[in-house]
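Hi everyone, thanks for making the time.

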Amino acid sequence: MESPRITVKVIISLFCSYMLLSHYITTSSPALALEDCHFPAIFNFGDSNSDTGGMAAAIYRPPPPSGKTHFHTPAGRFSDGRLIIDFLAKSLGHPFLSAYLDSIGTNLSHGANFATASSTIRLPDPIIPAPGGFSPFTLNIQCSQFLQLKSRSQLIRHRGGIFASLMPKKKYFAKALYTFDIGQNDLPEGFFGNLTVQEVNASVPNIVSTFSANIKKIYDSGGRSFWIHNTGPIGCIPYILVNFPAQKDEVGCAKLYNEVAQYFNHKLKEATVQLRKDLPLAAITYVDIYSVKYSLYKEPQKYGFEQPLVSCCGTGGKYNFNSKTVECGRTVTVNGRQIFADSCKRPYVKVNWDGIHYTDAAAKIIFDKISTGAFSDPPLPLKQACHRSLE
Ligand SMILES: *[C@@H]1O[C@H](CO)[C@@H](O)[C@H](O)[C@H]1NC(C)=O
Ligand SMILES: *[C@@H]1O[C@H](CO)[C@@H](O)[C@H](O)[C@H]1NC(C)=O
Ligand SMILES: *[C@@H]1O[C@H](CO)[C@@H](O)[C@H](O)[C@H]1NC(C)=O
């Protein structure tokens with residue numbers, strides 16, 4: 001016979017479990033009920049928005065004053081400091097990502113960065129060193145480089161020795177976070193190639209289908225967690241504002257050009273919906289960077305920014321930018337005068353660094369906003385981006 005004492009204990013413990021359970025159910029949101037993911041590595045694909053040294057290693061190194069705010073020396077980034085991908089890597093407990101193309105001091109054990117400045121999704125018409133050329137490292141090439149890394153890194157690990165420890169473990173590839181921020185250059189490639197805005201707009205579905213094809217390649221190789229940034233409001237950057245005078249919206253951005261970016265984002269979002277159907281084991285998070293970046297132009301004072309449309313590093317003029325290319329760090333002749341395109345005094349109150357790229361201060365705010373999941377579909381925070389949905 002059971003002793004009454006045990007029965008009381010059982011009842012108390014049942015009651016406690018019930019209390020705990022109901023407390024859990026009433027206080028936790030669905031997102032909190034999901035476990036945090038463990039991403040042992042990050043593989044990034046993109047353009048200058050996330051290039052941590054690829055272009056600098058392969059072709060052209062951004063000169064001083066780039067890097068001045070955070071690294072206090074040029075650090076292969078088109079910025080005064082860190083990029084969104086730097087904040088992202090840190091927040092997942094990793095060091096900054098090494099560029100795959102960098103053969104000097106490179107540690108790929110926790111991931112690799114295939115992004116290079118001026119990369120496009122589709123093969124661009126002029127390629128560096130042609131005038132106005134774009135990066136030769138398109139998204140297709142970046143994916144091929146990834147597949148090479150995946151297979152060759154395991155040969156190096158088997159061989160042992162000092163290089164083995166600099167390579168990712170085999171099991172990391174399935175658990176890694178695959179991040180993408182590319183497409184921003186596919187649009188200006190058309191504008192500078194003298195296509196009409198309507199023609200560029202009409203090319204968007206093709207650009208996006210090339211993007212999807214590459215996501216499938218990575219999925220087929222075993223990748224499962226995808227974190228995809230949409231493209232920013234290109235109509236708000238001096239690079240577009242100076243070269244393509246157009247009707248402005250209420251914050252001063254070129255309306256038509258932002259509409260093309262929004263159409264790109266619309267198609268990209270549609271593509272992610274389709275990819276979730278086609279790739280049943282993939283967790284695909286679509287991140288609305290556009291809205292976050294646009295809010296910096298719309299309400300700069302809320303974030304401590306001033307004159308958000310004016311570049312920090314440049315050579316004067318309405319937007320402190322005067323060219324088809326970045327001039328920050330170069331000496332150029334303006335109206336017969338030699339001018340060194342130097343940094344502004346207070347980069348931390350600026351949104352735009354050099355006419356195209358964002359400052360360290362802006363990147364930090366953008367990352368803080370996107371990491372919560374508030375701008376994601378599904379609305380999962382970065383740390384839970386290995387899950388397919390809220391359930
Ligand atoms: C490479 O990075 C890993 C992960 O951060 C670290 O543990 C390791 O010490 C690094 N190796 C070298 C040689 O710096
Ligand atoms: C675009 O048009 C301008 C002006 O007509 C011309 O100078 C330039 O070479 C053209 N660019 C391309 C890529 O065709
Ligand atoms: C781009 O194309 C889409 C689909 O045809 C259309 O709805 C949109 O208005 C176009 N945008 C621009 C800026 O031409």
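Let me begin with the term we'll need: a disulfide here is a pair of cysteine sulfur atoms within 2.5 Å. Please keep in mind that this is a predicted model, where local features need pLDDT of at least 70, side-chain atom pairs count only at pLDDT 80 or more, and totals for chains, interfaces and linings use all residues. As for conventions, residues are numbered from 1 along each chain as its sequence is written, chains are lettered from A and ligands numbered from 1 in the order in which they are written, and side-chain values use heavy atoms, leaving out hydrogens and water.

So, how many disulfides does that rule give? The count is four. Counting bonded cysteines along the chain, they follow the pattern 1-8, 2-3, 4-7, 5-6.

Let's look at Cys236 and Cys253. Their sulfur atoms sit 2.2 Å apart, forming a disulfide, and with 105 degrees about the S-S bond this link is right-handed. Cys236 is in the loop between strand 4 (225-229) and helix 9 (238-243), while Cys253 is in the loop between helix 9 and helix 10 (255-278), 17 residues apart. A quick word on those labels: helices (H or I, at least four residues) and strands (E, at least two) are DSSP runs, numbered from the N terminus.

Are these two cysteines buried or exposed? Buried means under 20% relative accessible area, exposed over 50%, and partly exposed in between, using a 1.4 Å probe and protein chains only. Cys236 has 0% relative accessibility and counts as buried, and Cys253, at 0%, is buried too.

Next comes Cys37, which forms a disulfide with Cys386, with 2.1 Å between the sulfur atoms. This link is left-handed, at -85 degrees about the S-S bond. Cys37 lies in the loop between helix 2 (30-33) and strand 1 (42-46), and Cys386 in the segment after strand 8 (376-377), so the pair ties together parts that are 349 residues apart in sequence. Cys37 is buried at 15% relative accessible area, whereas Cys386 is partly exposed at 31%.

Finally, Cys313 is joined to Cys328, S to S 2.1 Å. The torsion about their S-S bond is about 90 degrees, so this disulfide is right-handed. Both cysteines are in the loop between helix 11 (289-298) and strand 6 (331-334), 15 residues apart. Cys313 is buried at 1% relative accessibility, and Cys328 is buried with 6%.
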